[in-house]
Amino acid sequence: MSVPVVLDCDTGTDDAVAIMVAALHPGLELLGVTTVWGNHDVRHTTDNSLRVLDLVGCGGVGGVGVHPGWNGPVRPRLEELPPGRADLPATLPVPASATAARGPAVEWLVETLRGTTRPVTVVPTGPLTNLAAAVVADPGIVEAVGGLVVLGGTHRESGVTPYAERNVWCDPEAAHDVLTAGFRDVFLVTMDATFSAPLTAADTARLRAVGTVAAATAADFVDARIDWYRRDPAMAALGAAPLHDPLAVACLLDPAVVEVREAWTTVERTDPTTYGATRFTFAGDEPVGAPVRVALGADHDRFLDLLEEALAAGPRIG
């Protein structure tokens, strides 16, 4: 049976690929997409999500619904955010054929998580603002959720700061609230995992050979990301770029795609120097914080196989 999933996204290029994988792979049943601020304001992340679903034939009437969520942190941050990033390329359908669903994302999340007969896995690939607000609205969803696969945090890799990954750094209070809420299965897919399996130009050529709109679009996004990462001397030497958000979805399809350790984690919320840092303690050390499973590495070949398998569905080019 397929796994029922909700994606919670701040849709930029890697979230877009995650949406395509979740919408197209037969092993997953994408119940809906909730949008959140992060890469951009929620108006843009919602529009981007609608356009991606249109592109792969999963939007519109009877398709996957998109539910706009929060456009800022659950509580004030210590410091201002830098400007949002650019929208998705104009090669996607503009405008989308469907509009966003009425009603706030948090309300839809609570109704969906409470109303399903099968436990739903929630995959947040942006700031955890919507999910933190949903827990406040109805603490009972903690028991209803089948599990969380969170794209967030870092152990050794530098992120938007030397200490913090962007999704957690955008809303550390929300990350703390979610991680300490008592969800029974919390899985963090960190930057350490995503940076260990970057995609190359050879990989994008393989995706283009699949011959579908989804695969070709994903290849375009990865090529653009490779160009962007050329500004990083370490990544420029590799000629590769991490594709963060789809790795979180891939973990649902093949848990062996990542290397997992049991850990406990805390989120730094008061020190301006290390604001948003995720700190882990592992088995053998005295536990500090909330229990999680944490992905610290990934298998590039398994990941690429899963992308190819999922993106082979949907409309073909021409």
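These legends accompany close-up views of a predicted model.

**Figure 1. Overall view of the chain.**
The chain has 13 helices and 11 strands. Its C-alpha trace spans about 55 × 45 × 40 Å along the principal axes. A compact globule of 318 residues would have a radius of gyration near 20 Å, and the 18 Å of this chain agrees with that. Of the 318 residues, 55% count as buried. The chain exposes about 12,900 Å². Carbon and sulfur atoms supply 54% of that area. Among contacts with a separation of 6 or more, 81% join residues 24 or more positions apart.

**Figure 2. The nonpolar cores.**
The largest nonpolar core has 63 residues. Leu7, Met20, Val33, Val189, Leu307 and Leu311 have the most contacts inside it.

**Figure 3. Helix H7 and its cover.**
Helix H7 covers residues 172-179. Six of its eight residues are buried, so the rest of the structure largely encloses this helix. The buried residues are Pro172, Glu173, Ala174, Ala175, Val178 and Leu179. Which elements cover them? They include helices H4 (129-137) and H6 (166-170). They also include strands E5 (147-151), E6 (186-189), E9 and E11 (290-298).

**Figure 4. Asp171, between H6 and H7.**
Asp171 lies in the loop between H6 and H7. Is this aspartate buried or exposed? Its relative accessible area is 1%, under the 20% cut-off, so Asp171 counts as buried. Leaving out residues up to four places away in sequence, Asp171 touches Trp37, Pro73, Val74, Arg77, Pro127 and Thr129. Trp37 is 134 residues from Asp171 in sequence. Their C-alpha atoms are 9.9 Å apart in space.

**Figure 5. Val257, between H12 and E9.**
Val257 is found in the loop that runs between helix H12 (244-253) and strand E9 (258-267). Its relative accessible area is 0%, so Val257 is buried. What does this valine touch? Not counting residues up to four places away, the list holds Leu247, Ala250, Cys251, Gly297, Ala298, Asp299, Arg302, Phe303 and Leu306. Asp305 is 48 residues from Val257 in sequence. From C-alpha to C-alpha, Val257 and Asp305 are 9.9 Å apart.

**Figure 6**
A search of the whole structure finds three aromatic pairs. The rings of Trp228 and Tyr229 have centres 5.0 Å apart and planes at 80°. Planes over 60 degrees apart count as edge-to-face, so this pair is edge-to-face. Trp228 is exposed, at 51% relative accessibility. Tyr229 is buried, at 11%. Ring pairs link Phe195, Trp228 and Tyr229 into a cluster.

**Figure 7. Arginines over phenylalanine rings.**
Two views show a charged end over a ring. The charged end of Arg261 sits over the ring of Phe282, 4.1 Å from the ring centre. The charged end of Arg293 sits over the ring of Phe187, at 4.6 Å from the centre.

**Figure 8. Arg118, between H3 and E4.**
Arg118 lies in the loop between helix H3 (105-115) and strand E4 (121-124). Its relative accessible area is 26%, so Arg118 counts as partly exposed. Apart from neighbours within four places, Arg118 is in contact with Met1, Ser2, Pro4 and Glu29. Ala144 is 26 residues from Arg118 along the chain. The C-alpha atoms of Arg118 and Ala144 are separated by 9.1 Å.

**Figure 9. Glu309 in helix H13.**
Glu309 sits in helix H13, which covers residues 300-311. With a relative accessible area of 46%, Glu309 is partly exposed. Ala201 is 108 residues from Glu309 along the chain. Their C-alpha atoms are separated by 18 Å.

Methods. Residues numbered from 1 in each chain as written. Predicted model: local features only at pLDDT ≥ 70, side-chain atom pairs only at ≥ 80, totals over all residues. Heavy atoms only, no water. Phe/Tyr/Trp six-rings, centres within 6.5 Å; stacked < 30°, edge-to-face > 60°. Buried < 20%, exposed > 50% of the residue type's maximum accessible area, 1.4 Å probe, protein only. Lys NZ or Arg CZ within 6 Å of the ring centre and 35° of its normal. Helix = DSSP H or I, 4+ residues; strand = E, 2+ residues; numbered from the N terminus. Rg over C-alpha atoms; globule rule 2.2 N^0.38 Å. Contact = heavy atoms within 4.5 Å. Areas by Shrake-Rupley, 256 points an atom, 1.4 Å probe, with all protein chains shown as cover. Core = buried A, V, L, I, M, F, W, Y, C linked by side-chain atoms within 4.5 Å.
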